[in-house]
Amino acid sequence: MISKRVFLGALLSAAMVVGASAGQAAEKKTKVGFVYVGPIGDHGWSYQHNVGRIAIANTFGDQVKTTYVESVPEGADAARVITKLARSGHKLIFTTSFGYMNPTLKVAKRFPNVKFEHATGFKRSKNVSTYSARFYEGRHVVGLIAGKMTKSNIIGYVASFPIPEVIRGINATFLAARSVNPKVKIKIVWVSTWFDPGKEADAAKALIAQGADIIMQHTDSPAPLQQAQKNKVWAVGQASDMVSFGPKAQLTAIIDNWNAYYIQRTKAVLDGTWKSQDVWGGFKSGMVQLAPYNKAIPADVVALAEKAKEGIFNGTVHPFAGPIKNQAGKIVVPAGQNASDKMLAGMNFYVEGIDGSIPK
Amino acid sequence: MPEWIVPALLTIITASTPLVFAAIGEIVVEKSGVLNLGIEGMMIVGAIFAFGVGVTTGSATLAILAGAIGGAAMAFLFGFLTLYLLSNQVATGLALTIFGLGFSALLGHGFVGKTFPGLPRLEIPFLSDIPFIGPLLFGHDILVYASVVAVALVTYMLTKTRTGLLIRAVGENHFAAHSIGYSVNKIRMACVLFGGAMAGLGGSYLSLAYTPLWVENMTAGRGWIALALVVFASWKAWRAFFGAYLFGGITIIQLHAQGFGVEIAPQFLAMLPYLATIVVLVLISSDSSRARLNAPACLGRSFHASG
């Protein structure tokens with residue numbers, strides 16, 4: 001989830017809008033600022049972060065005042081926007097895109113009394129925390145459902161760029177699907193973009209024409225899901241509940257939910273207990289959620305999915321539990337162990353059973 | 001014959017149609033001596049106009065009409081600024097794209113998440129049922145046929161008619177055209193409006209038929225591809241048609257190839273059409289007489305009667 005933000009940000013910089021800053025807050029209100037890379041109407045990434053902002057506003061009412069700036073390009077503009085927020089009295093600032101990493105740290109140095117939260121990055125400091133979500137936990141559950149629901153035994157996967165996050169998702173899906181259906185295969189089509197509804201739809205059409213009866217995606221638009229609906233096959237929504245685009249097709253959707261985390265961090269600032277930390281949350285933290293299951297999914301499959309979700313929640317199930325072999329048949333995670341966070345963060349191989357190779 | 005071939009070919013038609021519209025329109029604009037780089041902006045505004053009207057009224061006809069009007073309205077803005085206020089065409093065109101992306105996002109705010117049933121297919125009894133050829137030739141929506149007709153009409157208009165001659169005259173030498181009494185700017189404005197309407201239709205096809213939904217920036221660079229196609233086609237409508245299908249074909253075939261596990265770097269295939277454009281550019285500019293034959297001599301130059 002990196003380069004789409006650069007792209008969207010650059011294109012939409014002209015449409016940059018500074019919102020909700022009207023009216024000076026009363027002294028007592030704690031100001032919380034947000035920087036988004038896309039428009040809040042993207043129905044995906046930035047949209048979900050804005051849902052989190054609204055959750056803060058609803059929870060704390062008069063105690064806090066939230067501000068957001070949308071469509072901020074990564075780079076020099078970002079530093080300027082973050083500085084402006086810090087200077088105008090914001091005590092907590094969420095910078096919600098990978099490319100804001102260095103600008104956030106730079107500004108944070110100059111404002112030691114302001115707390116910063118940077119999404120998906122890996123550099124921290126005394127007043128900069130990082131947070132991200134374990135979307136692969138959701139992929140595990142939808143993989144189980146897909147393995148059970150497919151009739152053609154072909155899962156189609158519309159992929160964006162071969163970065164660890166995307167590869168992790170493919171592997172998690174496939175391992176789970178194979179565990180319940182030894183015949184299942186996965187067909188992957190790389191579209192080399194995060195966002196191009198037409199091309200994403202074309203990829204979905206190609207996969208459906210080649211026999212896939214379940215469409216999954218790691219791109220941002222609802223177009224693949226819409227194609228699945230049109231061709232009467234299943235699909236899984238991405239980032240937000242996309243059910244309105246494919247009410248019959250959507251099995252469920254993996255939802256990014258930042259609400260609980262945002263509320264918790266705001267509270268920490270209000271209490272004075274905020275500390276720099278690194279959070280990689282999944283089902284347990286509520287960062288990853290699933291949309292309501294499609295009514296057409298049989299009860300036993302729902303039960304299987306719920307059991308897996310609960311297991312991940314309790315720590316008894318790990319989507320990357322050994323033994324896991326790579327495509328060459330070499331054991332990469334021994335039996336009885338789980339893949340380490342380090343391996344997950346840098347995952348650059350397909351697991352055994354996936355055909356083809358990762359584009360270089 | 002494998003089952004996937006017909007769907008693959010059908011997808012190529014869908015992928016190519018918006019490019020055909022936008023490129024054909026731009027050819028007419030450039031033939032009249034105006035360089036409009038704002039295709040992307042006109043397409044996206046056409047897309048939201050069409051989608052908005054389509055969802056609100058439920059009428060496909062009105063939606064298509066609105067898309068064309070949206071594109072033409074943007075083109076009017078461009079034409080007014082560059083032809084009558086003599087602003088720089090390149091800068092104005094780029095600004096038109098940026099403005100169009102922002103403006104469409106504003107208009108589309110309330111339409112995110114809505115869906116449109118898509119355009120009706122024109123099925124012809126019996127003919128549509130012929131295996132292989134039937135689904136390929138018949139049963140498309142009206143815009144697909146309109147794009148083919150537009151190519152034929154524009155080719156005929158530019159090469160065989162008096163109107164075409166006039167357009168080429170103002171594009172090749174606006175002073176000569178002016179001195180024999182033709183209004184250069186009126187002719188250019190008409191061409192610019194036509195180009196805008198065609199770009200708007202291309203955008204409408206995206207939001208009504210290709211992926212019947214609205215999301216910001218859904219044109220995703222297709223306006224720029226259309227612009228490249230104009231050069232690739234060396235300002236000939238039928239070549240632009242061929243180029244659009246070649247481009248659409250390569251895109252779709254590489255997606256299918258990946259599904260079959262053929263290992264060609266997708267990035268390489270994504271690059272091919274642009275590479276082809278550069279090669280054509282080099283070829284036509286390597287020979288000055290050929291370049292003169294193809295590119296309109298007054299392309300990108302403003303006209304003012306004072307000279």
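In this predicted model, 36 residues of chain B are in contact with 38 residues of chain A, contact meaning heavy atoms within 4.5 Å. Local features need pLDDT of at least 70 and side-chain atom pairs count only at pLDDT 80 or more, whereas totals for chains, interfaces and linings use all residues, and side-chain values use heavy atoms, with hydrogens and water left out. Residues are numbered from 1 along each chain as its sequence is written, while chains are lettered from A and ligands numbered from 1 in the order in which they are written.

The size of an interface is often given as the accessible area lost when the parts come together. Here the two chains, B and A, bury about 3000 Å² between them, with 61% of it on carbon and sulfur atoms; buried area is the accessible area (1.4 Å probe) that two parts lose on being put together, summed over both. Of the area that chain B buries against chain A, 17% comes from B:Glu216, B:Asn217 and B:Leu255, which is more than any other three residues supply.

Between chain B and chain A the count is 1 salt bridge, out of 9 salt bridges over all chains, where the term requires a side-chain nitrogen of Lys or Arg within 4 Å of a carboxyl oxygen of Asp or Glu. The table sets A:Asp196 with B:Arg222 beside a pair within chain A.

| Salt bridge | Closest N and O atoms |
|---|---|
| A:Asp196 with B:Arg222 | 3.0 Å |
| A:Asp77 with A:Arg80 | 2.9 Å |

A:Asp77 and A:Arg80 are separated by about one helical turn, because they stand 3 residues apart in helix H3 (residues 76-87) of chain A. Helices (H or I, at least four residues) and strands (E, at least two) are DSSP runs, numbered from the N terminus.

Within chain B, helix H2 (residues 39-57) and helix H3 (residues 60-84) pack at an angle of about 150°, their axes lying 7 Å apart; axes are lines fitted to C-alpha atoms, for helices over the stretch in contact, and angles run from 0 to 180 degrees between N-to-C directions. Residues making this contact include B:Gly46 and B:Phe49 of H2(B), together with B:Gly70 and B:Met74 of H3(B).

Two backbone features of chain A remain. Most residues other than glycine have a negative phi, and most peptide bonds are trans. A:Ala239, found in strand S10 (residues 234-239) of chain A, has a positive phi of about 75° although it is not a glycine. The peptide bond from A:Gly322 to A:Pro323 is cis, with omega near 0°, and A:Pro323 lies in the loop between helix H10 (299-314) and strand S14 (324-325) of chain A.
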